[in-house]
Amino acid sequence: TLNSTLRSVSLIAKADTFRIPQLNFLNYSSYELIPAGTYTFYFVNDFTGNRVDSVRNVSLKSQQAYSFYLTQQNGFPVGAYEVME
């Protein structure tokens, strides 16, 4: 995560089918294998359980790597992702 205002967030796929727990400022996770498909990912504050932001309808393809991150814009958390080439 690149957002220094939140102490700990988790990245969760819709319906809690996938979770990368407890990420904090400038921290990162190992690679995780997720089946190809279309997902909505949520950034969730680990202390309150509240959703901070989401990245909707991400179409994951096999044999492809993705990087999800949480930044801030005008003081508000903003979730995003990039396809790694």
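Threonine 40 touches Ile12, Ala13, Lys14, Val55, Arg56 and Asn57, leaving aside residues up to four places away in sequence. In this predicted model, threonine 40 sits in strand β3, which covers residues 37–45. Its relative accessible area is 10%, and because buried means under 20%, threonine 40 counts as buried.

**Whole protein**

- The protein has six strands and zero helices.
- Along the sequence, the pattern reads β-β-β-β-β-β.
- Of the 85 residues, 33% count as buried.
- The accessible surface is about 5,900 Å², and carbon and sulfur atoms account for 48% of this surface.
- Among contacts between residues at least 6 apart in sequence, 39% join residues at least 24 apart.

**The four-stranded sheet**

- Strands of a sheet pair through backbone hydrogen bonds, in either a parallel or an antiparallel way.
- Four strands of this protein form an open sheet, and their order is β2-β1-β3-β4.
- The pairing in this sheet is antiparallel.
- Strands β2 (19–23) and β4 (51–60) are the edge strands, each pairing on one side only.
- On average, neighbouring strands of the sheet are turned by 15 degrees against each other, with direction ignored.

**Strand β1 and its partners**

- Strand β1 runs over residues 9–13 and pairs with β2 in the antiparallel sense, over three bridges.
- On the β2 side, isoleucine 12 has arginine 19 as its bridge partner.
- Strand β1 also pairs with β3 in the antiparallel sense, over five bridges.
- On the β3 side, leucine 11 has phenylalanine 43 as its bridge partner.
- Ile12 and Ala13, two residues of β1, are among the residues that threonine 40 touches.

**Burial of strand β1**

- Five of the five residues of β1 are buried, so β1 is largely enclosed by the rest of the structure.
- In a regular strand, side chains alternate between the two faces of the sheet.
- In β1, Val9, Leu11 and Ala13 lie on one side, and Ser10 and Ile12 lie on the other.

Definitions and conventions: Residues are numbered from 1 along each chain as its sequence is written. This is a predicted model: local features need pLDDT of at least 70, side-chain atom pairs count only at pLDDT 80 or more; totals for chains, interfaces and linings use all residues. Side-chain values use heavy atoms; hydrogens and water are left out. Two strands pair if DSSP finds at least two bridges between them. Axes are lines fitted to C-alpha atoms, for helices over the stretch in contact, and angles run from 0 to 180 degrees between N-to-C directions. Buried means under 20% relative accessible area, exposed over 50%, partly exposed in between (1.4 Å probe, protein chains only). Contact means heavy atoms within 4.5 Å. Accessible areas come from the Shrake-Rupley method with a 1.4 Å probe; for residues, only the protein chains shown count as cover.
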